[in-house]
Amino acid sequence: MIYGQWALVFNLLTVAVLAFIVANIFVSITFWLVKSKLQHYAVSTRKVLLWLFVLAPWLISLCATLFFSPLFQNGSIFVWLTDLAHWHHPDIFYFLSWHSASLLIFIGFTLYILIRKIMILYRNHHQINLLRVLGVEKSKQVYVIESSIPTAFTGGVFRPSCFISTGLVEQTSADDIEIIIQHELAHVHYSDPLKKWLFSFFSAYFASNIKQIFISMMSLSMEQSADSFFIRNQQQSHNVASTLVKFTKLAANYSIHPQYKNELFVHFCRHSIEQRVLHLLNDKQFRPFPMGGVVIAIFLLALISTTSVDGLHHVIETLFTH
Amino acid sequence: MSMQLGELEKQVLEYLWKAKPTDAKQVHSYFEKNRGGTLNTIQSTLERLFKKELLGRVKNGHAYQYFPKVARQELIGQLIKNVTHDFVVEDENSVVAAFSSISSELDERQLDKLEAMIEQQRQKLQKIAEK
């Protein structure tokens, strides 16, 4: 058992963890309810909204921690607020209690995710470096790699580069290659590999099915955004769409991942390519950024999470002793 | 395969991809003419490539005979497979962005349909332009 400033710090961290868990549940429910509506927004708006969803538990947890801190709890003008939610004995912390257990589980889980993601990052970094060494630099940040597999991708988290294979160059027209390179350069411009890595870290805290939808949606949005990066008129849109279909047809003959030849995967692919082509051909007006909705949702989620932390604390303390 | 390659390492590897299994002295005599460097440098480069699992070696008398563990094309193919694995399965750990996912079982008819749709839109645009 400890007293004083350190006890306050540990208690606030426990508040942060509880608020994070509660916020995560409410954010997941909110996302599940609105996910089908996201397609009505422009790609850039959709990306911002997806980032807000994965970051919301952290923001709400920070708000709740601030609220439970002496900054708010001691001020006389916040008396009515402290009636709503408060933390008992903030200056005493028991190490052998559910407070410290929840704190340890959260830290352990975070370390596990962090180590896993860093290992992936490390492996990918070296594999991309090796590809750079073995490839030929065609132009700035674009490498041609000697392989019969027709492929094009952007890799390298901190120093992204585009890679196109000789198999693709040989079997595709110069115009199509140009479109593919421009698409890959758009990924470099947006630093998509780094953003994908960060997004996967923050979405790792969600339940498996929610996490998969988050990642699929973000991945599709990034591809759509790269598809339209260099497009200035409708003619160019049609050209990109046509290249996408042609490339998919070509790549279909060269499966390098036979283990994933299953229905689910095929459907996802088709779904994704279809959505990208339709997005390129479509010139419909998208809804503006739902600023009001976002502010109200965050405020309500913060309020619900903060009061839930207090409620949860009371329930556990009533049912069990420390 | 998880290490970064220096310039000399790359050159030695490229040389061994073209040559028969060879020892440090032979590698050194080739590079001495082309770019200079001591036998020690070549020996440590070969040792590093061996530790990085890019080279194999067998003892022949007092010296090791070095040879590439995998062919150039095979190594590149393996690297492509590894780095693109993420986006093929839409893995949560994906850090690569690709022009298109790769699959051998995409529905050909569905793609034809999309192609026809693009053509239709093109013609529509052309007609508007002609007017």
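Tutor: The expected span of a helix is 1.5 Å times one less than its number of residues. Helices (H or I, at least four residues) and strands (E, at least two) are DSSP runs, numbered from the N terminus. This is a predicted model, in which local features need pLDDT of at least 70 and side-chain atom pairs count only at pLDDT 80 or more, while totals for chains, interfaces and linings use all residues. Residues are numbered from 1 along each chain as its sequence is written, chains are lettered from A and ligands numbered from 1 in the order in which they are written, and side-chain values use heavy atoms, with hydrogens and water left out.

Student: How far apart are the end C-alpha atoms of α2(A)?
Tutor: The helix α2(A) has 26 residues, and at 1.5 Å a residue these should span 38 Å.

Student: At which residue of α2(A) does a kink lie?
Tutor: The bend at a residue is the angle between axes fitted to the seven residues ending there and the seven starting there. In α2(A) a kink of about 50° is found shortly before the proline A:Pro57. The residue at which it lies is A:Leu55.

Student: Is A:Thr45 buried or exposed?
Tutor: A:Thr45 belongs to helix α2 of chain A, and it touches A:Phe289 and A:Pro290, not counting residues up to four places away in sequence; contact here means heavy atoms within 4.5 Å. Buried means under 20% relative accessible area, exposed over 50%, and partly exposed in between (1.4 Å probe, protein chains only). Because its relative accessibility is 10%, A:Thr45 counts as buried.

Student: Which residues touch the most other members of the largest nonpolar core?
Tutor: A nonpolar core is a set of buried Ala, Val, Leu, Ile, Met, Phe, Trp, Tyr and Cys residues joined through side-chain atoms within 4.5 Å. The largest one has 32 residues. Those that touch the most other members are A:Val27, A:Phe31, A:Leu50, A:Ile60, A:Phe199 and A:Phe214.

Student: Which elements give two or more residues to this core?
Tutor: The core draws at least three residues from each of domain 1 (1-96 + 290-322) and domain 2 (97-286) of chain A, with bounds that come from an automatic or database domain assignment. The elements of chain A giving two or more residues are α1 (5-34), α2 (43-68), α5 (98-134), α8 (192-203), α9 (208-227) and α12 (291-319).

Student: What is the phi of A:Ser191?
Tutor: A:Ser191 follows α7(A) and lies in the loop between α7 and α8 of chain A. At 29% relative accessibility it counts as partly exposed. Although A:Ser191 is not a glycine, its phi is positive, at about 55°.

Student: Where in chain B is B:Glu53 found?
Tutor: B:Glu53 is not a glycine, yet it has a positive phi of about 65°. At 53% relative accessibility, B:Glu53 counts as exposed. Its place in chain B is the loop between α3 (39-51) and β1 (55-60).

Student: Is A:Gly167 buried or exposed?
Tutor: A:Gly167 lies in helix α6 (residues 166-171) of chain A. Leaving aside residues up to four places away in sequence, A:Gly167 touches A:Ser147, A:Ser148, A:Ile149 and A:Pro150. Its relative accessibility is 1%, so A:Gly167 counts as buried.

Student: Which pattern does chain B follow along the sequence?
Tutor: Chain B has 131 residues, of which 42% count as buried. Its secondary structure comes to five helices and three strands. Read along the sequence, these follow the pattern α-α-α-β-β-α-β-α.

Student: What share of the accessible surface of chain A belongs to carbon and sulfur atoms?
Tutor: Chain A has twelve helices and six strands, and of its 322 residues 50% count as buried. Accessible areas come from the Shrake-Rupley method with a 1.4 Å probe, and for residues only the protein chains shown count as cover. The accessible surface of chain A comes to about 15400 Å², and the share belonging to carbon and sulfur atoms is 68%.
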